[in-house]
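Biologist: I would like to learn how to read a model of this kind before I rely on any part of it. Could you take me through it step by step?

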Amino acid sequence: MRLARYLGYRLLLAVPVILGIIVLNFFLIHAAPGDAASVLAGESGAATPEYMALLRHKFGLDQPLSTQFAVYLLNMAHLDLGYSFRNDSPVLELILDRLGPTLLLMLTAFVVAVLLGSLLGVLAASGRNGWRDNLISLASLVAYATPGFWLGLMMIVVFAINLAWLPTSGLDTVGADNEGWDEVIDIARHLVMPATALSLFYLALYARVMRASMLEQTGMDYVTTARAKGQTERRIIFGHVLRNALLTVVTMAGVQAGNLIGGSIVVETVFGWPGIGTLAFNALQSRDLNLLLGIFFVSACLVVVVNLIVDLVYVTLDPRIEI
Amino acid sequence: MSDAVLTIENLAIALPKGADRPLAVAGVNLELHAGKVTCLIGESGSGKSLVARAILGLLPAPHVRVADGRILFEGADLARAKPAEMRAIRGARIAMIFQEPMTALNPLHTIGRQIDEVLRIHTSLPRAQRLARVVELLESVNLPEPARMLRSFPHQLSGGQRQRAMIAMALALKPRLLIADEPTTALDVTTQAQILQLIRDLQREHGTAVLFITHDFGVVADIADSVAVLQKGDLVEQGSAAQVLGRPVHAYTQALIAAVPKLAAPAAQPPSTAPFILQARDVEKTYGARGLFGGNATKALNRVCIELRRGETLGLVGESGSGKSTLARAVTRLMTVNDGEILISGRDIARMTRSQLRPMRKRVQMVFQDPYGSLDPRQRVVDIIAEGPIIHGTDPQAARKEACELLALVGLDPSAAQRFAHEFSGGQRQRIGIARALALRPELLVADEPVSALDVSVQAQVLALLADIKTRLQLSMLFVTHDLRVALQVCDRIAVMQKGEVVEVAPTSAIYGNPQHPYTKALFAAVPGAHWQDRLTQETMAS
């Protein structure tokens with residue numbers, strides 16, 4: 001019951017946040033030089049000023065900024081994200097089309113980073129200063145220092161081109177028309193490299209955070225209490241220390257959620273993943289402002305939702321949080 | 001004696017290289033008997049806690065380890081027992097309770113689950129029986145509403161309740177030996193009295209042997225059957241409680257006992273007629289009222305009035321949460337109040353703006369409780385002391401010179417000026433803290449528990465220093481403490497606070513001789529070992 005009230009409260013708080021993002025995005029984007037008309041004209045090679053004016057009029061770009069803003073707000077209120085003249089289709093439709101692959105990639109990367117990172121952290125902490133710890137620490141340092149796009153390119157070279165174990169790009173094999181499990185496996189094979197590239201940095205980060213957190217918690221008094229009860233070391237780690245140590249990782253995971261979308265733009269472009277990231281990249285290239293605004297809006301909503309979920313997880317993990 | 005539950009023979013514990021001494025303790029011989037409480041007393045760094053941990057094999061190995069000697073328990077040598085054997089003994093045959101009830105419980109598990117854990121580890125009882133036993137245990141330590149306690153998390157309990165839960169956990173399997181490592185040090189004095197009583201009752205009921213680690217002679221007087229005194233790793237004296245407390249033989253024991261402030265009032269002084277330096281009128285402070293979905297507001301200060309005359313020391317006495325520290329922070333304007341007036345020499349600082357306040361700041365200075373946290377670790381001592389005067393416009397050269405003079409005043413060598421805070425002991429740091437406060441030549445010194453973190457012998461020195469400086473510099477002092485012995489020793493008048501209100505204010509001799517408020521009476525009654533010093537004096541006078 002209290003959880004439901006808390007949820008309502010948090011959703012209420014999200015409204016001004018999202019509203020603020022909408023306003024900010026609109027003005028930021030219009031502060032950038034160039035518009036869709038100039039890009040279209042540039043691509044067509046030659047365009048008369050009359051034609052440009054016509055385009056601008058058709059797109060509503062000749063209106064004063066305040067009018068454009070008012071129209072934009074009014075449309076947003078109806079969840080009408082506008083029309084992408086560039087792609088000749090409604091923005092919402094475009095985004096919803098791409099949302100699935102992006103969510104799949106994001107969630108996979110997120111879950112892998114949190115689970116595997118925590119696990120490695122636990123392993124490193126339990127074998128403190130041994131070979132296991134050193135190996136994990138070294139590996140995480142390397143992963144830390146490697147840019148995601150470079151890693152992506154290298155993986156393509158090694159695993160897709162030289163070894164031919166995995167497909168180079170895309171969401172599924174074009175023209176294969178797999179059904180059922182075959183399709184799942186096909187997509188999973190396509191997912192491996194982009195998910196790795198996207199998650200590796202955070203995986204390394206969590207491994208380090210989890211290791212430090214485990215070591216910190218191991219020194220706490222309640223661990224001595226558990227030992228004084230006659231509890232085994234293994235049970236102390238998994239029964240007492242782990243959950244306390246996880247709290248730090250969960251806090252960081254909330255921060256990562258926001259970064260995943262930004263990171264996915266690069267990774268999706270490298271792997272030709274048909275998600276929102278590629279869409280955003282193309283929209284930016286072609287000054288498709290309506291589409292870009294729509295993507296910003298949807299990503300903002302995603303971040304708000306993910307943060308809410310992380311906070312709920314935190315609340316259920318830690319009884320000390322009053323809600 | 002034959003009924004020894006545990007025998008420590010010639011125990012030596014090695015410290016890692018680079019510690020202040022190679023052996024934490026050496027040559028310790030100790031026998032613990034069924035149904036008896038043995039107190040191991042010593043100052044910080046004496047190695048008393050390590051002895052306790054060595055028994056349970058809980059030393060922070062491999063750095064700290066048993067180097068020599070035997071710990072005999074039920075025919076086995078615990079110093080050489082295998083991990084699995086130790087685990088079977090821990091919690092079942094020997095149990096332990098710790099100093100910090102806040103951190104000794106896992107914050108994420110319910111009280112019930114944590115007590116149940118002991119039964120789960122050591123018995124094969126079915127769930128329902130274990131549950132019944134846990135409820136029974138919660139009742140036996142007098143926790144209210146056991147059924148609710150079962151499902152409560154540690155943060156929902158008070159410090160005393162948590163310590164009761166720890167005791168329930170320790171006694172779950174009726175161990176033969178209970179090790180209590182300063183179990184009441186973190187508790188308020190009235191709670192401490194209750195917990196001591198509880199340990200005493202349960203121990204008598206079950207015939208448990210108890211090893212009670214403490215630094216407090218008052219507690220020893222209340223609970224001990226026999227006493228062992230540890231000085232820097234050497235067991236310098238042991239014997240029955242009456243013997244050690246009444247006729248201490250070793251010079252160290254004698255010095256320790258002499259350093260314990262007497263629970264006795266100074267002779268009545270004529271009331272001061274000096275002008276007021278501090279008057280607080282109807283001060284109110286409320287915490288915790290948060291907007292929209294806020295919780296309940298707590299009144300930290302409820303229409304508090306105090307007055308302090310020039311040259312006088314007023315003690316603020318009370319338990320945690322009584323508002324005494326809040327009041328200290330209010331009169332120094334480290335915190336704003338919701339309502340009321342705070343007059344420093346007749347000027348109300350409660351509503352002053354930041355710039356109006358700045359010249360007032362140097363007239364009121366503070367000495368803090370924690371000598372470790374209150375000094376900047378990256379500043380040299382001379383800069384710590386000189387910083388205040390420099391801010392207020394003194395020439396830096398002159399301020400530093402004066403800082404060195406102040407060091408001499410608080411009994412430190414001038415060479416201390418160029419060193420850093422971590423190079424000093426707790427008592428020395430507190431002296432630096434006092435020098436820092438004095439550097440601004442304040443009229444009013446607010447001391448918030450200035451000696452609570454110090455050992456009793458160091459405490460006596462710092463109190464003597466404060467008294468000396470006060471008379472020499474004609475200071476007025478607001479002295480916040482939870483320790484009635486200390487308050488009686490240093491204060492001219494005492495204000496007793498409870499739940500944000502001042503319940504009684506009176507001259508020290510009057511409040512000791514004739515306390516009016518029931519809470520004041522309860523506080524005096526709860527002081528550990530309240531009357532052993534009196535008895536001692538009477539005995540010596542009679543003989």
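Biologist: What pLDDT does chain A average?

Modeller: This is a predicted model, in which local features need pLDDT of at least 70 and side-chain atom pairs count only at pLDDT 80 or more, while totals for chains, interfaces and linings use all residues. Residues are numbered from 1 along each chain as its sequence is written, and chains are lettered from A and ligands numbered from 1 in the order in which they are written. The pLDDT is the predictor's confidence in each residue, from 0 to 100; chain A averages 82, and 96% of its residues score at least 70.

Biologist: Which side of the contact is formed by how many residues?

Modeller: Two residues are in contact if their C-beta atoms, placed from the backbone, lie within 7 Å. Here chain B contributes 25 residues and chain A 19 residues. Helices (H or I, at least four residues) and strands (E, at least two) are DSSP runs, numbered from the N terminus, and helix 3 of chain B gives the largest share of the side of chain B that touches chain A, four residues.

Biologist: Is B:Ala439 buried or exposed?

Modeller: A residue is buried if 20 or more other C-beta atoms lie within 10 Å of its own, exposed if 12 or fewer, and partly exposed in between. B:Ala439 counts as buried because it has 24 C-beta neighbours inside 10 Å.

Biologist: Where does B:Ala439 lie, and what does B:Ala439 touch?

Modeller: B:Ala439 lies in the loop between helix 15 (426-438) and strand 17 (444-448) of chain B. Not counting residues up to four places away in sequence, its contacts include B:Ile385, B:Pro389 and B:Leu406.
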